Amino acid sequence: MKKYNKTIFITGASSGIGKDIVLKLAKKGYKIFAGVRRKNDKILLESISKNVTGVYIDVTNQSSIDKAFWFVMKNTNKIDVLINNAGIVCAGPVECLPYEKIKEQFDVNTFGPIVVVQKFMPLLSNSKVINISSMASSGIFPYISMYCASKRALDIIFNSFLLENKNNIKVISIKPASIKTPIWNKTVDSTKKTFDDLSENLSYKYSKEMNALELNALKNNKKGIDANRVSNLVLKVIEKENPKLSYNVGFAACVADFASKLPVSFLNKIIRFKLRSL
């Protein structure tokens, strides 16, 4: 049996894609530091395999990131693969989104991964950084513009990091289509809260679109592609000596990637037509 000696650190490991990645890698025998925010999630993940060690980390909190780093550093002298998986979706019309929600979107999806990698650099040498991005990084989806922008920014910034870093760190972006994960239920709850706080005029103005967003999120929660499509790919990327810089996962992700290369004016006409049919 092949022996797997690599050490992995992953954020957002408590559910969805992150949890599936942990399960997959633990079965292969990898040593995993699984980033979580709650005690129950730590206990659950550690009960799955002796190869899993839960690590408390909030990627929006510098002190939490510092503590996670020192904990990991006491237990290993090298991280072979760092996986930035923690993420949220902030939905709604640009006109209506509160600054706090916009900031939270970028804090979790963009700034958090940057700060985590900066802090963990002493443990990253000849390593891989895998970012769980999204087909939304193509930037063609209205009403989740902040999510699209946060993932596009993540890809752009880390491509620069790939070119700049002197530790021979490889960066791989994985862009899944909509996945069946709890993130969609959380998105619905968050969007409802944001919409409930709007004035009656704004609430009425975008009510049709918000209802459509909610229905689509609930559909994704049930009919999105399986998280194991992503975790299987992550395993291949870890084991591959020279993986590609970017991977699309799912047919919709391939379509989004192709569509993003079309002229913006043409693409906008198609999207406007679809919006009118809501």
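Is F161 buried or exposed? F161 counts as buried, because its relative accessibility is 15% and buried means under 20% relative accessible area, with exposed over 50% and partly exposed in between (1.4 Å probe, protein chains only).

The structure is a predicted model, in which local features need pLDDT of at least 70, side-chain atom pairs count only at pLDDT 80 or more, and totals for chains, interfaces and linings use all residues. Residues are numbered from 1 along each chain as its sequence is written, and side-chain values use heavy atoms, with hydrogens and water left out.

The description starts with the sheet. Helices (H or I, at least four residues) and strands (E, at least two) are DSSP runs, numbered from the N terminus. Two strands pair if DSSP finds at least two bridges between them. On this basis there is an open sheet of 7 strands with parallel pairing, in the order β3-β2-β1-β4-β5-β6-β7. The edges are taken by β3 and β7 (246-249); each has a single partner strand, so one side of each is left without a neighbour in the sheet. From one strand to the next the twist averages 20°. Axes here are lines fitted to C-alpha atoms, for helices over the stretch in contact, and angles run from 0 to 180 degrees between N-to-C directions.

Strand β1 (residues 7-10) runs parallel to β2 and is joined to it by 4 bridges. The bridge partner of T7 in β2 is K31, and F9 stands opposite F33 in β2. Towards strand β4 (residues 81-84), β1 has 3 bridges, again in a parallel arrangement, and here F9 stands opposite L82. In a regular strand the side chains alternate between the two faces of the sheet. In β1 both faces are covered: T7 and F9 on one side are buried, as are I8 and I10 on the other. Strand β2 (residues 31-36) is mostly covered as well, with 5 of its 6 residues buried.

Between β1 and β2 the chain passes through helix α1 (residues 16-28), and this β-α-β crossover is right-handed. A crossover is right-handed if, with the strands pointing away from the viewer, the path from the first strand over the helix to the second runs clockwise. Another right-handed β-α-β unit is made by β2, helix α2 (residues 39-48) and β3. Strand β3 (residues 52-56) runs parallel to β2, with 5 bridges between them, and I32 stands opposite V52 in β3. S49 is found in the loop between α2 and β3 and is buried, with a relative accessible area of 13%. The C-alpha atoms of S49 and K27 are 7.9 Å apart in space, while the two residues are 22 apart in sequence. Elsewhere in the sheet, 4 bridges join strand β6 (residues 170-176) to β7 in parallel, and P176 stands opposite V249.

Next come the helices. Two packed helices are described by the angle between their axes and the distance between the axes. Helices α1 and α9 (residues 227-239) pack at an angle of about 50°, with their axes 9 Å apart. That makes α1 oblique to α9, since angles under 35 degrees count as roughly parallel, over 145 as roughly antiparallel, 65 to 115 as roughly perpendicular and the rest as oblique. Helix α4 (residues 99-120) and α5 have axes that come within 9 Å and cross at roughly 20°, and are therefore roughly parallel to each other.

The last topic is the aromatic rings. Rings of Phe, Tyr and Trp (its six-membered ring) pair if their centres lie within 6.5 Å; planes under 30 degrees apart count as stacked, over 60 as edge-to-face and the rest as tilted. A search of the whole structure finds 5 aromatic pairs. The rings of F106 and F111 have centres 6.1 Å apart and planes at 35°, so this pair is tilted. F106 is buried at 17% relative accessibility, whereas F111 is partly exposed at 42%. F158 and F161 form an edge-to-face pair, at 5.8 Å centre to centre and 70° between the planes. Both residues lie in helix α5 (residues 145-164), 3 residues apart, about one turn of the helix. F158 is buried, with a relative accessibility of 3%. One aromatic cluster is formed by F9, F69, W70 and F120.
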